[in-house]
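Hi,

Here's the structure I said I'd pass on. Have a look at it first, and my notes follow below.

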Amino acid sequence: MTKEIKDISDFENENESVEIEVEKNLDAQEIIDENQEMLKKLDELQKDLREQDERFLRLAAEYDNYRKRSEKDRIVFYNDGKAKTVAEILSIADCIERAIEASGDADAEYQKGLRMLSEQFDASLGRLGVESFGCVGDNFDPELHNAISHIESDEVGENVIAQIFQKGYKMGDKIIRHAMVSVAN
């Protein structure tokens with residue numbers, strides 16, 4: 001009988017160990033299944049992270065382009081506004097030049113005062129980056145000069161400015177006002 005009890009107890013022990021192994025296998029399978037689910041979730045999260053990263057990089061690039069465009073636009077608008085303002089006050093420079101030309105028989109101090117005023121005005125324009133152009137003897141350039149008359153002269157070469165009616169002004173490469181000239185030959 002003891003042998004039977006031993007056999008039954010061995011059977012029960014074996015049965016328990018089989019059950020424990022089955023439970024371990026079930027637990028292991030559950031862990032494997034959970035791991036697979038976690039790996040799927042991890043893959044999805046990594047994919048979402050890559051998409052978000054790409055969106056962020058695109059947004060950062062778009063913002064950088066916007067900032068650069070805005071800066072360029074600001075500079076262009078500023079320079080255009082400055083050029084328009086200078087164009088409006090160029091008539092003062094013309095009046096000062098006419099006054100100097102008309103003051104031929106005036107008092108020396110008066111002429112000196114007009115020349116000083118002209119120099120100060122030109123210096124102010126220079127500080128704004130404005131240059132005058134169009135001198136007698138320069139070659140005619142239709143991009144810079146507006147020819148309003150044509151003369152024949154043996155003293156001056158062909159396609160050369162013979163007379164200046166109104167100076168031209170530019171700011172950098174931007175022409176504010178074309179010079180009005182008379183061209184020889």
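Let's start with the pocket. Thirteen residues line the largest pocket, and D94, E97, R98, E101 and F165 are the ones nearest its centre. (A pocket here is an open set of points on a 1 Å grid over the protein atoms alone, where a 1.4 Å probe fits, with protein on both sides within 12 Å along at least five of seven lines; lining residues have an atom within 4 Å of a point.) Two or more lining residues come from each of α1 (2–102), α2 (108–127) and β3, and α1 gives the most, with six. Helices (H or I, at least four residues) and strands (E, at least two) are DSSP runs, numbered from the N terminus.

A word on provenance: this is a predicted model, where local features need pLDDT of at least 70 and side-chain atom pairs count only at pLDDT 80 or more, while totals for chains, interfaces and linings use all residues. Residues are numbered from 1 along each chain as its sequence is written, and side-chain values use heavy atoms, with hydrogens and water left out.

Now the strands, which count as paired if DSSP finds at least two bridges between them. There's an open, mixed sheet of three strands, ordered β2-β6-β3. β2 (145–151) and β3 (160–166) each have a single partner strand, so one side of each has no neighbour in the sheet. β3 runs antiparallel to β6 (residues 179–184), with five bridges joining them; Q163 sits opposite S182 in β6.

Separately, β4 and β5 make a hairpin with two residues between them, and G172 in the turn has a positive phi of about 70°. Y169 has R177 in β5 as its bridge partner.

Cheers
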